[in-house]
8 protein chains.
Amino acid sequence: VSYQFDYFRHHRIGLPECIYCEGKSVPILNRMLTELSRKKKCPVLLTRLSKEKRRRIHAPLVRKLDYHEPSGTAFLGGKFPKVPKASVAVVTAGSSDLGVAYEAVRTLDFLGVSARLFADIGVAGLWRLEKNIEAINRHDAIIVIAGMDAAIVSVLGGLTSKPVIAVPTSVGYGTACGGQTALNAMLASCAPGIAAVNIDNGYGAACAAFRVIGRKLSRSPR
Amino acid sequence: VSYQFDYFRHHRIGLPECIYCEGKSVPILNRMLTELSRKKKCPVLLTRLSKEKRRRIHAPLVRKLDYHEPSGTAFLGGKFPKVPKASVAVVTAGSSDLGVAYEAVRTLDFLGVSARLFADIGVAGLWRLEKNIEAINRHDAIIVIAGMDAAIVSVLGGLTSKPVIAVPTSVGYGTACGGQTALNAMLASCAPGIAAVNIDNGYGAACAAFRVIGRKLSRSPR
Amino acid sequence: VSYQFDYFRHHRIGLPECIYCEGKSVPILNRMLTELSRKKKCPVLLTRLSKEKRRRIHAPLVRKLDYHEPSGTAFLGGKFPKVPKASVAVVTAGSSDLGVAYEAVRTLDFLGVSARLFADIGVAGLWRLEKNIEAINRHDAIIVIAGMDAAIVSVLGGLTSKPVIAVPTSVGYGTACGGQTALNAMLASCAPGIAAVNIDNGYGAACAAFRVIGRKLSRSPR
Amino acid sequence: VSYQFDYFRHHRIGLPECIYCEGKSVPILNRMLTELSRKKKCPVLLTRLSKEKRRRIHAPLVRKLDYHEPSGTAFLGGKFPKVPKASVAVVTAGSSDLGVAYEAVRTLDFLGVSARLFADIGVAGLWRLEKNIEAINRHDAIIVIAGMDAAIVSVLGGLTSKPVIAVPTSVGYGTACGGQTALNAMLASCAPGIAAVNIDNGYGAACAAFRVIGRKLSRSPR
Amino acid sequence: VSYQFDYFRHHRIGLPECIYCEGKSVPILNRMLTELSRKKKCPVLLTRLSKEKRRRIHAPLVRKLDYHEPSGTAFLGGKFPKVPKASVAVVTAGSSDLGVAYEAVRTLDFLGVSARLFADIGVAGLWRLEKNIEAINRHDAIIVIAGMDAAIVSVLGGLTSKPVIAVPTSVGYGTACGGQTALNAMLASCAPGIAAVNIDNGYGAACAAFRVIGRKLSRSPR
Amino acid sequence: VSYQFDYFRHHRIGLPECIYCEGKSVPILNRMLTELSRKKKCPVLLTRLSKEKRRRIHAPLVRKLDYHEPSGTAFLGGKFPKVPKASVAVVTAGSSDLGVAYEAVRTLDFLGVSARLFADIGVAGLWRLEKNIEAINRHDAIIVIAGMDAAIVSVLGGLTSKPVIAVPTSVGYGTACGGQTALNAMLASCAPGIAAVNIDNGYGAACAAFRVIGRKLSRSPR
Amino acid sequence: VSYQFDYFRHHRIGLPECIYCEGKSVPILNRMLTELSRKKKCPVLLTRLSKEKRRRIHAPLVRKLDYHEPSGTAFLGGKFPKVPKASVAVVTAGSSDLGVAYEAVRTLDFLGVSARLFADIGVAGLWRLEKNIEAINRHDAIIVIAGMDAAIVSVLGGLTSKPVIAVPTSVGYGTACGGQTALNAMLASCAPGIAAVNIDNGYGAACAAFRVIGRKLSRSPR
Amino acid sequence: VSYQFDYFRHHRIGLPECIYCEGKSVPILNRMLTELSRKKKCPVLLTRLSKEKRRRIHAPLVRKLDYHEPSGTAFLGGKFPKVPKASVAVVTAGSSDLGVAYEAVRTLDFLGVSARLFADIGVAGLWRLEKNIEAINRHDAIIVIAGMDAAIVSVLGGLTSKPVIAVPTSVGYGTACGGQTALNAMLASCAPGIAAVNIDNGYGAACAAFRVIGRKLSRSPR
């Protein structure tokens, strides 16, 4: 079997191909990374690469990876040039949502977009959002990450005119339903114009934010 | 078939038997009301009595009912004596939740409890809750009624020390899932100590509030 | 009960308050519209106003409404000034998705944003998308509306760098699950950076597109 | 990232901030506990702290924790002063529900509320409830904990005038659906005025009971 | 299309073929009844025959039907001979469950089995079950019919040694989930040896009771 | 809006475009049929056209339709030439499945394929399948249509070497779950090599059978 | 905490109390078994006792247990006297269902009822059922155990007049849905009078069979 | 317990009995393989045999198995003779779907059918399908394997006249719902005549393809 990488995706849509590692065996990852690092077409992002799986990858390949454990991401072949004058606010409701937030921040970094993280400002202590709303509103797009009831999304959506990309997380138990409740609540939000991505999908939220602020440029890796 | 009314329920638990009309045919309702009005044991509450069904009930019986259309409730044989020095705040997120709110307010009235309705203060316009929170906090218990994302519950729960009884409503479409999303979000709320009742169950919320503020008294009808 | 309109929402977040008519009785709508038309604070959008419900609204109020039946929308007090140099492509997979598309187009019109409708270009006949992709890509944001398998979203997402807002529709039967399958497929799309709104929510997609292209301006009605 | 603890929550609502440990990594817990024990603002409750995770926490911090293994709870900085003349009955249907019951009892202890545990009195052997009902009814509020069919809730609800807070548990298999059946049955109970919290949420039930019996007091730790 | 009636079913398994009318058009029913009444092989039971559908059946055929409206059942060609010395208790939790109970009682009557109906004895008023348990226990099998929380099943199952066939009903709203909660609770009951049939399936419960008490006999119609 | 018919589909894949009428308004259908009958490119199949909707279509258009009420199908512009030496067995478990069976038979007729209907041979009376299995096995493909438990699929699948296309139907109530149980059972069948289409999708089963027996031919309408 | 064993259950309903070990910790089991073996009131059945958990029970207690690994059951204090002239057929569709079948057979043995196991006779090879049906029909009750599509239940139900207790199993993957599909199919079976117990509940099926064939006797342990 | 192998299945339906190893213990597998290898009736296929389970099988039996780890399949007693002039295209959307694809390819090999694998051609990079469609169309049947949104199925279904057997995979997270979304999308596909098998069921897809191209032959093993 030979892999059919979509090498020209970043020329076509501004976003490069990315390797989702969770469903792939180590031998398959080894073969993919070998081919990619040989061709050197463009920087590549790996997501959901656990510490354990990384340890079992062929050593010369591992050395080429810029790995970040809390987010489970790695860069192969550098990253994309900085997008000037654009930044994203990444907001989380609780500290249990940080893993997903790191995936978003690292993906934005890979794509060349500045991001600032506003952690732990759930609405059960409303003053936390009130204290930060002005700073949040200075960014071009807002990624808001929350599990359980996701109530922060509706409150924030009523306090900003900026694009809001909501990411449900699988934090919680019982009626949190592995993030399904947060997702449903975000989509049924009483605040207008909230759009959501898949549960725990920090990567997808970053890509959506990139589409919002980005421009399709012929970009070459640093 | 003869009905086995639980006549002594209000002596046993302070709350009287109640007739849920939705699943019962008109002939069955006629026979029940006939027997109840003959025995005159205590005031009886009817819920989910639609305008159409009420119209088809035997006329002499209808004249004995104190009916309130927006809530679909009726009293037979008066109501219970006033519970002194106790009141409940009934809060709704939107004006589509009013039907359920009326059911709660009327049930409280039947049980002898004062209530004040705070309608239409969803958190997409946060100032509405901020304007009313002090007045809400003056009551002994809070019934909060919301559909869709139910975000108001978590915000309110973080601003009050009073018992909060949350009622999800079936308002909305798609991922609102007929109230299931609101229910799940309420139970997974990041605010501590929120308890919920069934979807659209204004009656149940009023009974739960009565348990909170009430005392089991030998009470006789007015 | 008095309504607590969020009159200043468009000053706060650029998007005005909107009245969702499906869950509201005609008497409630009459009272709301009376108050709104008396205060004349800003243009108001009504959604999900069926032909039947509109017919039962108080006549002097109806005359003030700019009603559009296929989309179920009405404007009260005009619309917002034109947003210059911005437009949105509204794409549908099938002709059964047109009702939702009209809701999106009318909401954009109300908000002052130009839109072009690309109808009926599902991927079972791939040439339809190929024929239109260049024209679609000329817009600032893309709303893509599809039910059932929603396959068009992934294909389109791989052919454009523009922000893509996906709207699942409740078209279909059986495993289409009232739009849940389309929603889930959109969120699990293999194309990067797709964000979705609630099932059948053309209004929400338009608001999300407005956030993407809009700027929060002190705007006064025409 | 710095944590934004809601230090003043107990002044605002009578209930303090609490740390849910299940979704948090050991490094994050270490940093949180260090900051909290340095600031010494008020006693803190930790929930869902497994034996294994506790073992991996920084040793000087562990020594400061008052840990209770069967409930997975720990107190940092003591507990709240005793609430006089108030007590809660904690009732379980089976001995498999004990873990959740212990979480409730320990949380009540932390909040300064007396509790008595009535274990193992499911209604398949009805005499067990009949034997204990009088003693249960002497308390100010009743927390009833049950999985599977949760039938005890309806029977108990028909025998008491006290506030009943129902906690579904994830005990059982097949159609017990991880506690969803118990939750649904509790909310659809034929007994009036039952309110429920999330599945396995002994902590939340204790907080709800505290709201019922508690008063918002300026309280300082023992 | 010609119908392939399973005429010999009652010889094979003691239970005759039955016509479920809900999913069948009136023309199809007319053709079926014509053929059946011409062949006169054995008595036939019709279930779920609504008043409206019955009115539209060919008049000469209607006259041959022994119809009972509250249960929606009809007999064609008489019924089966009496099964001596056997009887079934049919117990319902509420008066909303009566329709299903009537279907069970009529099916038992058709099969020649005596039945006694114990209506309206839900456990929120426990004395009702206590008053009737001795009489219920005198029968050979017990059909217990309940919706919502179905708590009566577990209590009854702990008070009888007789075979218990549980029938969930679709009574209720919200978390009653159209009978799914009652079904799940019955199957997860803490009382041992409860078996259940489909939601609202009074007919099936009667057939299961017949299997329990019946014997396969060469039986000919009265 | 102009429609983008996929006129060349039958040249591309042997199957023509088809109009699913359920989600389309009468004005839209009128415009579509007008355009199609003017262009006369090839025969067109309409599905899910109810008697009521047909009555409201523009009269000159209705006269051009070859309509068949029990299946809800109509042909516009004739049908496709006969496929020689090929036939399909259409098997149903019960007489309530006939509507779906007629949709399959009519679609096959439209596509030029012979079909024979074997109705009402559910496995609760096993002799019915045993009597017909030899005749069924003489066909080139088998469409088997069943609701509820769909047990016939596994039995039949163990008695034939021919391609089996299973169609779940929405017949039944309660745990039949609108056809979801039948679908799940078909896909989890213990017989090897069963493939299924959507619930009630007689049209899709016929198309799948056509793919199996058909050849892509340049075909012109009769 | 002291346990409240329902010691008199077998006097009340003929079936003794049973200990479900899955949800209980080893310390709790030790304490329970110590108390039970000290009181010696009657034989006790333990279910879902894994090899691993058994190994960790206090050694003197383990020696008192009559343990059977494939079924995960153990007897403490012997078993109940033989029920004369009664036997149960235990039928499985596949060899993956054997674990559940063994639980049923061992429970029947504990209760004093003879059982014969008919394994591996799924209907994809119909001759296996045909070969065994006569022998199966010689028993007083039939427990039929099947996962996935559970088609055997409907076929068997059409070939026997005996009471049929159906047990769904969690065997399979995908649309088998952990046994939910088998359960739903059994309850929606086209064969009349099938009753079902919970998924994988061999114990419950045996108890239901005991109710069918048993009589409530004052029984003392062997 | 003795196993009742369906030895004559391949004579009856062309497809042999197969052993699904996931739900079976090692002792059971040992006994089955011993009996099968002694009787030598025909080649046998084992599926879902993990590396770990294989290691624990009795050594003399293991040596008789032709095992292939990536697919988890093994042949006992060789394979079936080659089916001449027939081949199947096996298409996957991503490289995470390869395990399921290998199961299909190995099953086809066992049955004597040629197959060619087209891996990694998801429609987010549409050129990959366009490049391969001509080669795919040269085969007699197409197995298409995809998880998440499964969009490739609808695009491919609109570009081929060949029988399409769709296999959903459990790849992905969140709204991918373990393959349920892919399954639902495939069955609701806008392309006509797609049939699907169970989630991850490469074996079943191969059997369905065999039914399509195969003929029931008296075949003896190589």
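This is a predicted model: local features need pLDDT of at least 70, side-chain atom pairs count only at pLDDT 80 or more; totals for chains, interfaces and linings use all residues.
**Helix α8 of chain D**

I found α8(D) mostly covered, with seven of its eight residues buried. I listed the buried ones: T181(D), A182(D), L183(D), N184(D), A185(D), M186(D) and L187(D).

**The largest pocket**

I next looked up the largest pocket, and its volume came out at about 1,500 Å³. I counted 32 residues in its lining, and the closest to the centre are Q180(A), Q180(B), Q180(C), Q180(F) and Q180(H). Which elements give two or more residues to this lining? I noted α8 (180-187) of chain A, and likewise α8 (180-187) of chain B, of chain C, of chain D, of chain E, of chain F, of chain G and of chain H. I then sorted the lining by class and got eight nonpolar, 24 polar and no charged residues. The idea behind such a search is that rolling a probe the size of a water molecule over the atoms shows where empty space is left.

**Helix α6 of chain B**

I moved to α6(B), which runs over residues 127-136. Which of its residues are buried? I wrote down R128(B), L129(B), N132(B), I133(B), A135(B) and I136(B). They cover an arc of only 165° around the axis, so they lie on the same side of α6(B). On the face turned away from that buried side I found the exposed residues K131(B) and E134(B).

I also checked what covers the buried residues of α6(B). From chain B the cover includes β5 (87-92), β6 (114-118), β7 (141-146) and α7 (151-157). The cover also includes α1 (9-13) of chain C.

**How the copies are related**

Two copies of a chain are related by a rotation about an axis and a shift along it. I laid chain E on chain D: the turn is 180°, the shift along the axis is 0.0 Å, and the RMSD is 0.0 Å. The two copies are therefore related as by a two-fold rotation axis. I looked for the residue of chain E that comes closest to the rotation axis and found A151(E), with its C-alpha at 2.2 Å. I noted that 100% of the interface residues of chain E are also interface residues in chain D, so these copies meet through the same surface.

I repeated this for chain C on chain A.

Chain C and chain E are joined by no contact, and their closest C-alpha atoms lie 17 Å apart. Chain B and chain F do not touch either, with their nearest C-alpha atoms 17 Å apart.

**Two residues with positive phi**

I looked at R48(E), where phi is near 50°, a positive value in a residue other than glycine. I placed R48(E) in the loop between β2 (44-47) and α3 (51-55) of chain E. Is R48(E) buried or exposed? Its relative accessibility is 18%, and buried means under 20%, so R48(E) counts as buried.

D200(F) is not a glycine, yet has a positive phi of about 65°. I located D200(F) in the loop between β9 (194-196) and α9 (202-213) of chain F. D200(F) counts as buried because its relative accessibility is 16%.

**Y7 of chain H**

I found Y7(H) in the segment before α1 (9-13) of chain H. Its relative accessibility is 12%, so Y7(H) counts as buried. What does Y7(H) touch, not counting residues up to four places away in sequence? I noted E35(H), L36(H), K39(H) and K41(H). I also took the separation of the C-alpha atoms of Y7(H) and K24(H): 19 Å, for residues 17 places apart along the chain.

**S154 of chain G**

My last entry is S154(G), in helix α7 (residues 151-157) of chain G. S154(G) counts as buried because its relative accessibility is 1%. Leaving aside neighbours within four places in sequence, I sorted its contacts by chain. From chain F, S154(G) is in contact with V123(F), A124(F), D149(F) and A151(F). From chain G, the contacts are S189(G), C190(G) and A191(G). The C-alpha atoms of S154(G) and L126(G), 28 residues apart along the chain, are separated by 13 Å.

Terms used: Residues are numbered from 1 along each chain as its sequence is written. Chains are lettered from A and ligands numbered from 1 in the order in which they are written. Side-chain values use heavy atoms; hydrogens and water are left out. Buried means under 20% relative accessible area, exposed over 50%, partly exposed in between (1.4 Å probe, protein chains only). Helices (H or I, at least four residues) and strands (E, at least two) are DSSP runs, numbered from the N terminus. The arc is that of the directions from the helix axis to the C-beta atoms. Contact means heavy atoms within 4.5 Å. On a 1 Å grid over the protein atoms alone, a cavity is a set of points where a 1.4 Å probe fits but cannot get out, and a pocket is an open set with protein on both sides within 12 Å along at least five of seven lines; lining residues have an atom within 4 Å of a point. Grid points are joined across faces, edges and corners, and a volume is the space filled by probe spheres set on the points. Ala, Val, Leu, Ile, Met, Phe, Trp, Tyr, Cys and Pro count as nonpolar, Asp, Glu, Lys and Arg as charged, and the others, Gly among them, as polar. Copies are superposed by least squares on the C-alpha atoms of residues with pLDDT of at least 70 in both.
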